[in-house]
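Reader: Walk me through this model, please, one feature at a time. I'd like the general idea before each case.

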Amino acid sequence: MRRMFKRILVANRGEIALRVVRACHDLGVEAYVAYSEADKDTRAVQLADKAVLIGPAPSAKSYLSMPALIGAAQAFECEAIHPGYGFLSENADFARACAENDIVFIGPDPDLIDKMGEKSNAKQTMKKAGVPTVPGSDGPLESAEQARELAAEFGYPVLIKASAGGGGKGMRLVEKEADMEHQYQAAKSEAKIAFGNDEVYLEKYLIHPRHIEIQVLADKHGNAIHLCERDCSVQRRHQKLIEEAPSPALDEALRQEMGAAAVRAVKEVGYTNAGTIEFLLDAEKHFYFMEMNTRIQVEHPVTEFITLEDLVLEQIRIAAGEPLDFGLDKEISPIGHAFEFRINAEDPDHSFRPNPGKITKLILPGGPGVRVDTHIYEGYKVPPTYDSLIAKLIVWGKDREQALARSKRALSEFVIEGIKTTIPFHLAALEEKAFKNGMVYTDFIETYMSEYLA
């Protein structure tokens, strides 16, 4: 068994960098933070044991620069690198570069990142594990004609999706045969630009589905568990805005069935560390594998609230070779209810347009069951260079009703001036009857909040 690390390089920014720093300190591990010139004044940099400048603001020259990050880890004798989410967190080449330089990548093995990151291959792996999958092509499409033949078999509408993709990029909805050629070519073009890989595959499009994901942890000793589900159905252009756990759509039997399927998937591929198996749930409560995220996710705090576990800390323990020490001899059930609201520096009244700038006033909410994960502070300048996520508001209650009431109060207390944010959108969503009743599907915004669409 590897001993616990002495020093970890945090290869990310924003609230997740700060989150990793705190987990390191809870373990008695030194946290060295890699930062770009644009992030010299962030909280993670301020709280790090040492801050390491790795390049200018553009991501390609800093957070996506493998030589800069590997060099920083070597120069300061960091035994491991935590990639957070985004940037290089699901980059198999980076994981290999870490291994080649005797640095532990806090995540799965690079071959598993490759295997599960390529979606059409991941789908075949799930079929082998006995996990239900959405009807669709068995691999990348060879032509628009093949896509037309499959769509005729499964029935319209269908989705053309990037094999190497995520976040809605390289994804096109095809509602009738006449649109297939255009949408097929558009999806391939978008996939090539976004991921450097133009392979696409086809799936049957489910009407009014829910987006349900299962959090999993697996160690290097053959142990794997699930930590219940998150409902991530409130989305705009496939970008999540609100998450909750547990899902109001699942009863305990379905929760354990989906959790067992996720654990089977993890064991089938020999996965280790934290990951998420994402499913679509149809109106008849049939669930289908969608994709696997081989990293910690933005929405992990809602799971932490309902399981009382520190997922980032567990990531580090697993990477250090320690075994899981909870949840192995019993089924884990949720404790209470939690919501997460993504607070983005965006103007929801103008198509969620990014709205960087200086924060002139900041008042964070508090009270029982309220947590804010953020790197911002009064006077902080939100840069235009990166993703617009600036904070996450996570709220817990003993049941969904209490969690909703606390969420409304906390959002009302949350003051950010100087820039536009998504707080008004979240307050409006809480007033929708469908949201209050838990009847939320992936088309919630289109159906009930059309004023927030472009």
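Predicted model: local features only at pLDDT ≥ 70, side-chain atom pairs only at ≥ 80, totals over all residues.

Reader: Where does Pro246 lie, and which residue does a cis peptide bond join to Pro246?

Author: Most residues other than glycine have a negative phi, and most peptide bonds are trans. Pro246 sits in the loop between strand E11 (239–245) and helix H9 (252–269), and its cis bond is to Ala245, with omega about -5°. Another cis bond runs from Tyr156 to Pro157, with omega near 0°; Pro157 is in the loop between helix H7 (144–154) and strand E6 (158–162).

Reader: And positive phi: what is the value for Ser351?

Author: Ser351 has phi near 60°, and Phe352 has phi near 55°. Ser351 is in the loop between strand E15 (346–347) and strand E16 (353–354), and Phe352 is found in the loop between E15 and E16 as well. Phe352 is buried at 6% relative accessibility, whereas Ser351, at 35%, is partly exposed. The cut-offs: buried is under 20% relative accessible area, exposed is over 50%, and partly exposed is in between (1.4 Å probe, protein chains only).

Reader: Which residues in the largest nonpolar core touch the most other members?

Author: In soluble globular proteins, nonpolar side chains tend to be buried together. A nonpolar core here is a set of buried Ala, Val, Leu, Ile, Met, Phe, Trp, Tyr and Cys residues joined through side-chain atoms within 4.5 Å. Of the 69 residues in the largest one, the answer is Phe5, Leu9, Ile81 and Leu217. Helix H1 (residues 14–26) contributes the most to this core, seven residues. There's also a second, separate core of 37 residues, with Ile359 and Val372 among them.

Reader: Take helix H3 (residues 66–75): which residues are buried?

Author: An α-helix has 3.6 residues a turn, so residues three or four places apart point the same way. In H3, the buried ones are Leu69, Ile70, Ala72 and Ala73. They cover an arc (of the directions from the helix axis to the C-beta atoms) of only 160°, which puts them on the same side of H3. Pro67 and Ala75 are exposed on the other side. The buried residues pack against strands E1 (7–10), E2 (30–36), E3 (50–55) and E4 (80–82), and against H4.

Reader: At what angle do the axes of helix H4 (residues 92–100) and helix H5 (residues 110–117) cross?

Author: Two packed helices are described by the angle between their axes and the distance between the axes. Axes are lines fitted to C-alpha atoms, for helices over the stretch in contact, with angles from 0 to 180 degrees between N-to-C directions. These two cross at roughly 175° and come within 8 Å, so H4 is roughly antiparallel to H5. Angles under 35 degrees count as roughly parallel, over 145 as roughly antiparallel, 65 to 115 as roughly perpendicular and the rest as oblique. Ala92, Ala95 and Arg96 in H4 meet Pro110, Asp111, Ile113 and Asp114 in H5.

Note on methods:
Residues numbered from 1 in each chain as written. Heavy atoms only, no water. Helix = DSSP H or I, 4+ residues; strand = E, 2+ residues; numbered from the N terminus. Contact = heavy atoms within 4.5 Å.
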